[in-house]
Amino acid sequence: MHVGIIMDGNGRWATERGLPRLMGHKRGANRVKNIVKASSELGVDTLTLYAFSTENWKRAAHEVEGIMKLFRGYLQNNFAALNANNVRVCFIGDPTPLAADLREQMDALTNLTKNNTLLTLNVAINYGGQDELVRAMRKIALKAVSGSLLVDDIDADTISAHLDTAGQPNPDLIIRTAGEMRLSNFMTWQGAYSELAFVEESWPEFTVEVYTEVLADYRSRTRQFGAVILKPAKVSNKA
Ligand code: IPE
Ligand code: IPE
Ligand code: MG
């Protein structure tokens, strides 16, 4: 099962407590370890965490710098443990505008963990679903122009195979914390048939208990994928 999480509400969590927004990001970063660990125990084999969007550069420079610093710290502190815990780490999004030392760390962690099998952890950083599609279209167009791909052979699988998540299953469930009901450019293509869950808790408040409840609710749903799926009739206890 693939779960995507839009980790929202760090800023509000901090502001409501009279703290600077960055304190919320710090608390949020501290939640990641727990949720990653719980994921495989809860039957999740792919987890995508939306950490920084292509639109988040619009924020104040000190907030962006603070988030990047926390990201750097997360990579340093969890580098060895993620590998020891058999987690395969992938980064999705366009890494080009990120600092060189960050990109080196990301490449090193990707390489170190590439054969791990317990959980695939996608960290979405400078990620936007539209930007990902634009980059995919460019790769496909280049192949079409060079003649290695026929235009008539382009289908949905071709697009999927040129996204940052190539080879991975689509998210079964997308969870967004902190009450906003929108996707904010997350998994535009891959989320076509994802189930959605919006929870009131902000990301710093998103505990394993809340995560467990959301997954239990997801498991009670019937996914139709456009077909008509008849729910099994409820078995009555009465004779
Ligand atoms: C999510 O929390 C973290 C990032 C987008 C990097 P926010 O910073 O968006 O928190 P709110 O939505 O302002 O409360
Ligand atoms: C979405 O949250 C991006 C991440 C969680 C990384 P935002 O807070 O940036 O989204 P909007 O601006 O409320 O749509
Ligand atoms: Mg937000």
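A polar contact is taken here as a pair of N or O atoms within 3.5 Å. By this criterion, in what is a predicted model, an oxygen atom of ligand 1 and a polar backbone atom of G9, which are 3.3 Å apart, form such a contact.

Taken alone, ligand 1 exposes 380 Å², of which the protein buries 86%. The shell around ligand 1 is made up of 13 residues, the closest being M7, D8, G11, R12 and R59, and by class it divides into 3 nonpolar, 5 polar and 5 charged residues. Helices α1, α2 and α3 (61-84) each supply at least two residues of this shell, with α1 giving the most, namely 3 residues. The space that ligand 1 takes up is the largest pocket.

Ligand 2 likewise sits in the largest pocket, where it is surrounded by I6, M7, D8, Y50, A51, F52, N56, R59, R176, R182 and S184. Of these residues, 5 are nonpolar, 2 are polar and 4 are charged, and the largest share of the shell, 3 residues, comes from strand β2 (residues 46-53). Side chains provide several polar contacts to ligand 2: a polar side-chain atom of S184 lies 2.6 Å from an oxygen atom of the ligand, an N or O atom in the side chain of N56 is found at 2.9 Å from a ligand oxygen atom, and one in the side chain of R176 at 3.3 Å. The protein covers 78% of the 390 Å² of accessible area that ligand 2 has on its own.

Apart from the ligand contacts, side chains of opposite charge can pair when their charged atoms come close. The structure holds 16 salt bridges, one of which joins the side chains of R17 and E205 with an N to O distance of 3.5 Å. This pair links distant parts of the chain, 188 residues apart, with R17 in the loop between α1 (10-15) and α2 (21-41) and E205 in the loop between β6 (195-198) and α7 (208-219).

Terms used. Residues numbered from 1 in each chain as written. Chains lettered and ligands numbered in written order. Predicted model: local features only at pLDDT ≥ 70, side-chain atom pairs only at ≥ 80, totals over all residues. Heavy atoms only, no water. Near = heavy atom within 4 Å. Polar contact = N/O pair within 3.5 Å; in protein donor to acceptor, adjacent residues only side chain to side chain. Areas by Shrake-Rupley, 256 points an atom, 1.4 Å probe, with all protein chains shown as cover. 1 Å grid on protein atoms, 1.4 Å probe; cavity = no way out; pocket = protein on both sides within 12 Å on 5 of 7 lines; lining within 4 Å. Sits in = over half its atoms within 2 Å of the grid points. Helix = DSSP H or I, 4+ residues; strand = E, 2+ residues; numbered from the N terminus. Nonpolar A, V, L, I, M, F, W, Y, C, P; charged D, E, K, R; others polar. Salt bridge = Lys/Arg side-chain N within 4 Å of Asp/Glu carboxyl O.
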